Amino acid sequence: MASSFKLPDLGEGLTEGEVARWLVAEGQKIAEDDPLVEIQTDKATVEIPSPYAGTVLRILVPEGEIAPVGTELVLIGEPGEETPSSGPLEASAASGTGASGSSLLQGTGGGAASERVQATPVVRRIAQELGVDLAGVTGSGPGGRIVEDDVRSAAARVDGRREPLRGVRRVIAEHMARAHREVPPVTWVEECDFEGVALDALLATVVKACADTLLEFPELNARFDGDAILYLDRYDLGVAVQTDDGLVVPVVRNANEKSVDELGTEIAALAERARAGALAAEELRGSTFTVSSAGKLAGLFQTPIVNHPEVAILSIGRVAPRAVVREGAIVVRRTGALAITFDHRVVDGARAAAFGLAVIARVQSGAPQTA
C-alpha cells in the first residue's frame, strides 16, 4: 500500500511551508533518507529526506504552493499501485470546501460560471490580491484547476511583467510587512569615529560593542509579548548578509562571550555559507538583536526595519575619510554613522540614545579584543 508523506512540523511555531523545489520526479525510484523536497519556511530553506523507500507515485503539491503542516505532499509505494485521482488541495477545490468549510468554487460573478471555477485557497487569495477575476481564467491544472501561474499570467496580460513571490523573496516580503505593520519604529542616528578600527575588523568590532552594551540595556535585548515584555538572558546577534536570493540574517550565538577576532572569524564563515545557500535552519533562528552593514553601498546612513520579533536593530553607514572638528581643529578622520531603529512600545528614546552613545564610546575607545 502506498505511503503518503506529510509536511512535518519544522519547529519554531511554523504552521506552513512553501514547496520550493522537488528533488525527485514521479516514477523515480528512491531509497530511504534520499533527498526528497526543499521546503521554504519564514526562516530558511530546509531539505527534507524521504522517510520511505520505493517509487514516487504522485507528487500532490506542486512547486510554489504553500501547504499547512500535515498536508500530504507525495505518495511513495510500488510501481503500478493505484493512487487517488487528486491531491489534497485539488480534492478540497473539487469538493467545494476547504478546511474552514468555505467555498473554493468561486469567481467574482455568480451562477453557473462561478460554480465551474476550481482553485485552491492559496490561488484564490493571490487572485484577489492581483485583482484577477477567476471566472475569466482558463485553468491549466488537473481537471481544469486554476493554478498560481494561470492567475499571474492573467494579471501580467493586464499591465507589465509579474513574477511570483517565491522562496526567500516571499519570506522577506511577509517578514518586512509584518514588522512595518506591528512595530511603531523610531530611528536614532549619530556619527562614529572609526579611525582606530581596522576596516577588516569593523563589523566584528561593532557586533562586539553591541553585545557588551546590551548587558547594560536589557530592554533592547527583549521581545514585545502581548501584554508583557520578555527580557532575554542570551545575546545571540543576527548579522544581515546580502545574497543573490535576498537578505538573510544568520545568528552569532553568545556574542558577548567572544572576542572581536573570534566574532570576525564566525561572521565570515556564516556569510560564506549564506551566499552559498548552505546555512542550516538553526543558524537563522532565535536572534535577539541585529546588526546590518552594506559596506561601500551603505550610503550616509539608513533607517533599518526592526527584525521582528526583535525590538531593535543597528545599521552601519558608509565609513570613509571625512573632515571633522577635533579640539578646535579641522582634521580628516575615518567616520561613519550608526543608526538604531527601535520599537517604541518597549524602548524609550532616551534609553535608545544612551545605548547608541555607549556603543560608539566602546568602538572609539577600542573595544576589548578578548571576551
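Contact here means heavy atoms within 4.5 Å. The model is predicted. The protein has 371 residues, of which 46% count as buried, and its secondary structure comes to eight helices and 19 strands. Among contacts between residues at least 6 apart in sequence, 60% join residues at least 24 apart.

**Nonpolar cores**

- The largest nonpolar core holds 74 residues, and Leu237, Phe289 and Leu314 touch the most other members.
- Helix α6 gives the most to this core, with eight residues.
- Leaving aside neighbours within four places in sequence, Leu237 is in contact with Val207, Cys210, Ala211 and Leu214, with Pro250, Val251, Val252 and Ala255, and with Ser287, Thr288, Phe289 and Val291.
- A second, separate core has 14 residues, among them Ile66, Ala119, Val122 and Ala154.
- In soluble globular proteins, nonpolar side chains tend to be buried together.

**Packing of α6 against α8**

- Helix α6 covers residues 202-214 and helix α8 covers residues 349-365; their axes are 9 Å apart and the packing angle is about 130 degrees.
- Angles of 65 to 115 degrees count as roughly perpendicular and those over 145 as roughly antiparallel; α6 and α8 are therefore oblique to each other.
- The crossing of α6 past α8 is right-handed.
- On the α6 side the contact is made by Thr205, Val206, Ala209, Cys210, Asp212, Thr213 and Leu214, and on the α8 side by Phe355, Ala358, Val359, Arg362 and Val363.
- By class, the residues of this contact are eight nonpolar, two polar and two charged.

**Packing of α6 against α7**

- Helix α7 spans residues 260-275, and its axis comes within 8 Å of that of α6, crossing at roughly 115 degrees.
- The crossing of α6 and α7 is right-handed.
- Leu203, Ala204, Thr205, Val207 and Lys208 of α6 meet Val260, Leu263, Gly264 and Ile267 of α7.
- This contact divides into six nonpolar residues, two polar and one charged.
- Thr205 takes part in the contact with α8 and also in the contact with α7.
- Val207 of α6 meets α7 and is in contact with Leu237.
- Cys210 and Leu214 of α6 meet α8, and both are in contact with Leu237.

**Backbone features in loops**

- Most residues other than glycine have a negative phi, and most peptide bonds are trans.
- The peptide bond joining His308 and Pro309 is cis, with omega about 10 degrees.
- Pro309 lies in the loop between β16 (289-293) and β17 (312-316).
- Asn254 has a positive phi, near 50 degrees, and lies in the loop between β15 (251-252) and α7.
- Glu327 also has a positive phi, near 55 degrees, and sits in the loop between β18 (320-326) and β19 (329-343).
- Exposed means over 50% relative accessible area, and partly exposed means from there down to the 20% limit for buried residues.
- Asn254 has a relative accessible area of 33%, so this residue is partly exposed.
- Glu327, with a relative accessible area of 85%, is therefore exposed.

- Ala25 lies in the loop between β2 (16-22) and β3 (29-30).
- Because its relative accessible area is 39%, Ala25 counts as partly exposed.
- Beyond its neighbours within four places in sequence, Ala25 is in contact with Val56 and Ile59.
- Ala25 and Leu36 are eleven residues apart along the chain, and their C-alpha atoms are separated by 9.3 Å.

Key
Residues numbered from 1 in each chain as written. Predicted model: local features only at pLDDT ≥ 70, side-chain atom pairs only at ≥ 80, totals over all residues. Heavy atoms only, no water. Axes fitted to C-alpha atoms, helices over the stretch in contact; angles between N-to-C directions. Helix = DSSP H or I, 4+ residues; strand = E, 2+ residues; numbered from the N terminus. Parallel < 35°, antiparallel > 145°, perpendicular 65-115°, else oblique. Left-handed = near helix turned anticlockwise from the far one by under 90°. Nonpolar A, V, L, I, M, F, W, Y, C, P; charged D, E, K, R; others polar. Core = buried A, V, L, I, M, F, W, Y, C linked by side-chain atoms within 4.5 Å. Buried < 20%, exposed > 50% of the residue type's maximum accessible area, 1.4 Å probe, protein only.
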